[in-house]
Amino acid sequence: MSVHDDLWRVAEQAAATFEGFKIEVVGGQIVMTPQSEIQSWTIRRVQNSAEAAGIAEERLVSAVLIQFPGEAPRAPDVAILEDGATAPYSYEDLLAAVEIVSTPDDDNDYSIKLQQYARFGIPTYVIIDPFRARCTVLTRPKDTAYATREEYAYGETVTLHLTDGGTVQIPTDKFKRKS
């Protein structure tokens, strides 16, 4: 039994007790974040955009565990999976991970998850920040960073070029801000 296993057991118990929270192990700590309606609406809009681009519903999951060997699993707000991926999902199944920032200056999404996703070669990482009304698309992972960074303001259309040849256009004109 590892420390990660112990942390996940405690996180699972917390999840069973506290409804309405996203509970993750991040940087060796259990992080409980209350989910907002803005996060829920944004997740739905991203998934709807991916489906409109022809990505099958079975390839879109939200808050479903993705395994990273030797490290804490992640449950991205939206994951776009390779065609044919089956549960339990691995980092190798991810074409894109999308995270919606829960708190201002969220170190989890901007640093810890960014480094882990890059380290494991996740081709596209998207950070949607309702506090700043901005979307950041990171591609070309190398070591613990991404070589390419594109910024979009709310109101613009975010374009994802997936490594399987697919393209997803995500209009952000209906994304809600959070203060």
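The model is a predicted one. Seven aromatic pairs are counted in it, and a cis peptide bond joins Ala87 and Pro88. Arg59 counts as buried, at 11% relative accessibility.

**Backbone geometry**

- Most peptide bonds are trans, and most residues other than glycine have a negative phi.
- The bond between Ala87 and Pro88 is cis, with omega at about -5 degrees.
- Pro88 belongs to the loop that runs between strand S6 (78-81) and strand S7 (89-90).
- Arg140 has a positive phi, near 60 degrees, although Arg140 is not a glycine.
- This arginine, Arg140, is part of strand S10 (residues 134-142).
- With a relative accessible area of 55%, Arg140 is exposed, because the cut-off for exposed is over 50%.
- Asp143 also has a positive phi near 60 degrees and is a residue other than glycine.
- Asp143 is placed in the loop between S10 and strand S11 (145-153), and its relative accessible area of 57% makes it exposed.

**Helix H2**

- Helix H2 covers residues 37-52, and its 16 residues should span 22 Å at 1.5 Å a residue.
- The buried residues in H2 are Ile38, Gln39, Thr42, Ile43, Val46, Gln47, Ser49 and Ala50.
- Viewed down the axis of H2, these buried residues fall within an arc of 165 degrees, so they line one face of the helix.
- An α-helix has 3.6 residues a turn, so residues three or four places apart point the same way.
- After H2 comes Gly54, with a positive phi near 95 degrees.
- Lys176 lies over the face of Trp41, 6.0 Å from the ring centre.

**Aromatic pairs**

- The distance of the centres and the angle of the planes describe a pair of aromatic rings.
- The count of aromatic pairs is seven.
- Phe68 and Tyr117 have ring centres 6.0 Å apart and planes at 40 degrees, so this pair is tilted.
- Phe68 is in strand S4 (residues 66-68) and Tyr117 is in helix H3 (residues 107-119), so the pair ties together parts that are 49 residues apart in sequence.
- Both Phe68 and Tyr117 are buried.
- Tyr125 and Tyr146 form a tilted pair as well, at 6.4 Å centre to centre and 35 degrees between the planes.
- Tyr125 in strand S9 (residues 124-129) and Tyr146 in strand S11 are 21 residues apart, and their pair links distant parts of the chain.
- Tyr125 and Tyr146 are both buried.
- A cluster linked by ring pairs takes in Phe68, Tyr91, Tyr117, Phe120, Tyr125 and Tyr146.

- Arg59 sits in the loop between H2 and strand S3 (60-61).
- Its relative accessibility is 11%, so Arg59 counts as buried, the cut-off being under 20%.
- The side chain of Arg59 reaches the backbone oxygen of Leu81 at 2.8 Å.
- A polar contact of 2.9 Å joins the side chains of Arg59 and Asp164.
- Apart from neighbours within four places in sequence, Arg59 is in contact with Ala79, Ile80, Leu81, Glu82, Asp83, Leu95 and Asp164.

Technical notes. Residues numbered from 1 in each chain as written. Predicted model: local features only at pLDDT ≥ 70, side-chain atom pairs only at ≥ 80, totals over all residues. Heavy atoms only, no water. Helix = DSSP H or I, 4+ residues; strand = E, 2+ residues; numbered from the N terminus. Buried < 20%, exposed > 50% of the residue type's maximum accessible area, 1.4 Å probe, protein only. Expected span 1.5 Å × (residues − 1). Arc of directions from axis to C-beta. Phe/Tyr/Trp six-rings, centres within 6.5 Å; stacked < 30°, edge-to-face > 60°. Lys NZ or Arg CZ within 6 Å of the ring centre and 35° of its normal. Polar contact = N/O pair within 3.5 Å; in protein donor to acceptor, adjacent residues only side chain to side chain. Contact = heavy atoms within 4.5 Å.
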